[in-house]
Each structure stands twice: as C-alpha cells, then as structure tokens.
Amino acid sequence: MGWGLGGLKMHKLILKPGREKSLKRRHPWIFSGAVARVEGDPAVGDTVEVRSSAGEFLAVAAYSPHSQIRARVWDWRERAIDGDFFRERIAQALNMRSALLEGGSTDAVRLVHGESDGLPGIVADRYGDTVVVQFTSAGAERWREDIAEALQGLPGMGRVWERSDAEVRELEGLPLRSGLLHGTPLPERLAIREHGLEFVVDLEHGHKTGFYLDQRDNRLRLRALARGRDVLDCFCYSGGFTVNALAGGARSVTAVDSSSDALGLARTNAELNRLPAAQWLEADVFQALRSFRDQRRDFDLIVLDPPKFAPTAAHAGKAARAYKDINLLAFKLLRPGGVLMTFSCSGGVATDLFQKIVAGSALDAGVQAQIIERLGPGSDHPVALNFPEGDYLKGLLCRVAG
Ligand code: SAH
C-alpha cells in the first residue's frame with residue numbers, strides 16, 4: 001500500500017501485463033480478468049489507484065469487488081476523490097446543458113449521463129425543481145450522500161429523489177432502493193415542460209427515472225411532420241410522441257401500449273395540453289400491427305419506439321428478429337409516401353446492424369424506402385468517444401416511395 005494524495009493510504013489495483021491498453025485509450029472500465037492483484041484492503045466502492053504491471057500510474061477508480069467490471073475510472077490524474085470532486089463534475093455537466101434550459105420551454109433534462117460525463121454509475125435527471133438520481137455502481141453508492149448534496153445545491157432544486165431500483169444494481173451486489181434522498185417531499189403531481197408541451201411524470205413508479213428524456217428532440221421532429229397525417233404511435237408509454245403528433249395537427253393518432261398505467265398517463269397528458277383525444281389501444285404491439293394488417297388499415301406516419309430488446313450483444317439475435325417483425329409490419333401499413341420513425345435503444349444492437357434490419361424489413365415488406373434522416377438522443381445524452389457503450393439510442397426516419 002502506498003501513500004496517496006493528502007497523506008492518505010491508497011489502495012492499489014495492479015493490472016496483469018499488457019492489460020493497460022484499454023485504459024490508455026481511456027476506456028473507463030476495468031474487467032476482473034485484467035486484474036493481477038489488489039494491494040491494501042479497499043472496501044466496496046472505495047477509491048483505488050490503478051497501476052500497470054510495471055507500476056505505472058494509470059487512473060483513480062472505484063472498486064467493485066462483486067462485479068465483473070471490477071473498477072470504474074473516476075479520473076485519469078492522481079487526485080483525491082471527495083465531495084469537491086463530485087461538485088466539480090456535476091457543475092461541469094450542468095454547464096454543458098444550460099443552453100437547453102434557456103428560454104423556459106423545456107425544464108426537464110438529463111444532468112448527468114454516467115460514464116459519458118465522467119461519472120460512472122451515476123444518472124441524474126432534472127424534472128422541474130426535482131432531481132431524480134440513480135446509482136448503479138458500488139463507487140456511486142459509496143458517494144451517495146455527497147452526490148445528493150451536490151445535486152441539491154444546484155440553483156432552484158427542491159429535492160433529490162432516488163430511483164436506484166434498476167436491476168443492474170444486482171450485478172454490483174447492491175440492494176434496490178427508491179425514495180426521498182434530500183429536500184422536501186414530492187408534490188402530489190409533478191408536470192414538466194418539454195419544447196412548450198406539458199407532461200405529468202410519475203417519478204415513483206414510471207419507467208427509467210420517470211420519462212424518456214432522450215427522445216425529446218425526436219418528439220419535436222414528429223410534431224413538425226404530423227400536420228394532416230394519420231399517425232400510429234407504437235409503444236406510446238406516457239404519450240410523448242402522441243401528444244406531439246396531436247400538437248402538430250395530426251388528423252388522427254392511434255397510440256398503442258401494453259400498459260394500462262402508461263395509457264392512463266398518456267391520456268392525462270393529452271388533456272393537460274388541451275389536445276383532442278387519441279385512439280388509445282391497450283394491446284401487444286406485435287399483435288396490434290398484425291390485426292391492423294388484417295383489417296387493411298393504413299397510416300401516413302408510424303413511430304416504433306420499443307423497449308430495449310437487447311441489453312447486451314448476447315441478446316442481439318433474438319432482438320434482431322423482434323425489430324425485423326415490427327418494422328416489416330410497419331412498412332406494410334404505410335401508405336405510399338408514408339414515413340416511418342423507427343428506433344432501437346438496445347446497447348447490444350449497433351447502428352449499422354439496426355440499419356441492416358430495417359433494410360431487410362423494407363425488402364421483405366416489398367416496399368422501396370429511403371433514409372431521410374438519422375436520429376439519436378438529445379445533447380443532454382452525450383456519448384463520450386472513449387465510451388462507445390454509451391451509444392445506445394439510434395433511429396431512422398424512412399420514407400416509402402410515393
Ligand atoms: N415512446 C415512449 C417510450 C416508449 S418505452 C416515449 O417517448 O415516452 C416502451 C413502452 O413499450 C413502455 O411503455 C412499455 O409499456 C411498452 N411495451 C413493452 N412491450 C410492449 C409490447 N409488446 N406491446 C406494447 N407495448 C409494449
């Protein structure tokens with residue numbers, strides 16, 4: 001054990017020979033197979049100094065003894081990890097988002113996007129005056145209080161609500177947990193603004209941290225395309241795309257989701273914005289698309305925003321079949337000149353694979369189609385170039401020949 005900054009004894013994680021390569025490219029994960037030995041006695045989540053087999057300093061990282069990802073890098077320089085570190089990183093992350101919040105038409109953004117913001121295992125979303133935080137690594141958990149205080153200290157924040165109930169925590173040996181972490185109790189009803197529209201968000205039970213903030217700009221894109229169109233919104237959740245299509249002057253919107261709670265929220269959100277009702281359909285999308293086909297129904301504009309079919313590359317085969325199925329059916333339901341907005345949020349399905357699947361779907365549906373735009377998450381969900389795993393959301397806007 002050596003002496004680190006400030007005279008503190010630093011635990012050390014020593015890599016096997018040759019295993020420093022990915023760290024030198026600044027990939028922030030150290031897998032268990034790369035570790036030769038640990039010197040000292042770090043507790044779960046403690047900071048360790050990472051060194052090559054030759055003793056060269058590489059990074060300071062958080063130790064996760066129960067995870068295959070044995071350590072996650074906090075910094076590439078020799079520095080102390082403490083409350084100040086988190087305050088600095090969070091302030092930097094907020095700075096990069098300030099333009100999004102200017103003008104007031106949007107008050108819900110992702111403040112901290114994990115590894116891509118240099119804060120592995122930490123996600124923080126701002127919903128009005130509430131920050132919802134999720135800790136998914138031992139290191140993040142170790143600094144839970146300091147991070148909560150730093151978030152609460154941001155201008156105008158009323159409370160920090162924790163949603164550490166993502167199953168990935170189990171891979172780190174951490175219990176699932178949610179509830180108030182700091183500040184005043186949650187208001188009975190919380191509504192956010194996104195590009196001028198309002199949405200009620202269920203922070204306690206909603207998906208992710210409550211809302212799919214990553215789709216903000218794609219929903220606005222749909223609004224611009226919707227005038228006079230018959231729109232089908234598949235996997236509508238709390239109505240993000242549907243409400244935008246209605247606000248954009250769609251002739252009709254059919255919104256499908258298998259969750260009655262999600263549809264209830266979606267209905268509330270359409271009413272909140274004083275928009276005409278959509279046709280709400282509680283159904284399995286795979287079946288609904290088949291019955292529309294059998295009924296010979298057709299649409300001008302279809303959105304496919306399914307849940308993550310492939311969390312990792314190991315699920316890619318099965319996921320590919322599911323994507324193929326819904327995209328093929330959607331192409332069949334489009335009128336000539338119609339537009340498909342199709343997404344995959346699967347980390348395990350790369351952008352080029354997704355494009356191949358969509359191409360195969362058009363081919364088998366017997367339609368000629370072109371990509372007219374490539375879509376991705378908003379700028380509050382950056383992808384660090386040294387962390388390609390962060391590139392999970394991809395979308396294509398495709399037009400079928402007229
Ligand atoms: N487009 C939404 C987010 C979609 S999240 C937005 O912009 O907010 C995925 C949704 O798919 C969830 O609401 C979930 O309830 C729903 N879902 C998952 N599997 C489904 C299935 N087989 N059929 C219908 N809905 C499904």
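View 1. Thr106 is located in the loop that links α2 (83-101) to β8 (108-113); helices (H or I, at least four residues) and strands (E, at least two) are DSSP runs, numbered from the N terminus. The structure is a predicted model, in which local features need pLDDT of at least 70 and side-chain atom pairs count only at pLDDT 80 or more, while totals for chains, interfaces and linings use all residues. Residues are numbered from 1 along each chain as its sequence is written, and side-chain values use heavy atoms, with hydrogens and water left out. Thr106 counts as buried because its relative accessibility is 3% (buried: under 20% relative accessible area; exposed: over 50%; partly exposed: in between; 1.4 Å probe, protein chains only). Its side chain reaches the backbone nitrogen of His195 at 3.0 Å. Not counting residues up to four places away in sequence, Thr106 touches Leu100, Leu101, Arg193, Glu194, His195 and Arg216 (contact: heavy atoms within 4.5 Å).

**View 2. Packing of α2 and α4.** Helix α4 comprises residues 144-152, and it packs with α2 at an angle of about 40°, the axes being 9 Å apart (axes are lines fitted to C-alpha atoms, for helices over the stretch in contact, and angles run from 0 to 180 degrees between N-to-C directions). Gly83, Phe86, Arg87 and Ile90 of α2 meet Asp146, Ile147, Ala150 and Leu151 of α4.

**View 3. Asp84 in helix α2.** Asp84 belongs to helix α2 and, at 43% relative accessibility, counts as partly exposed.

Technical notes. Polar contact = N/O pair within 3.5 Å; in protein donor to acceptor, adjacent residues only side chain to side chain.
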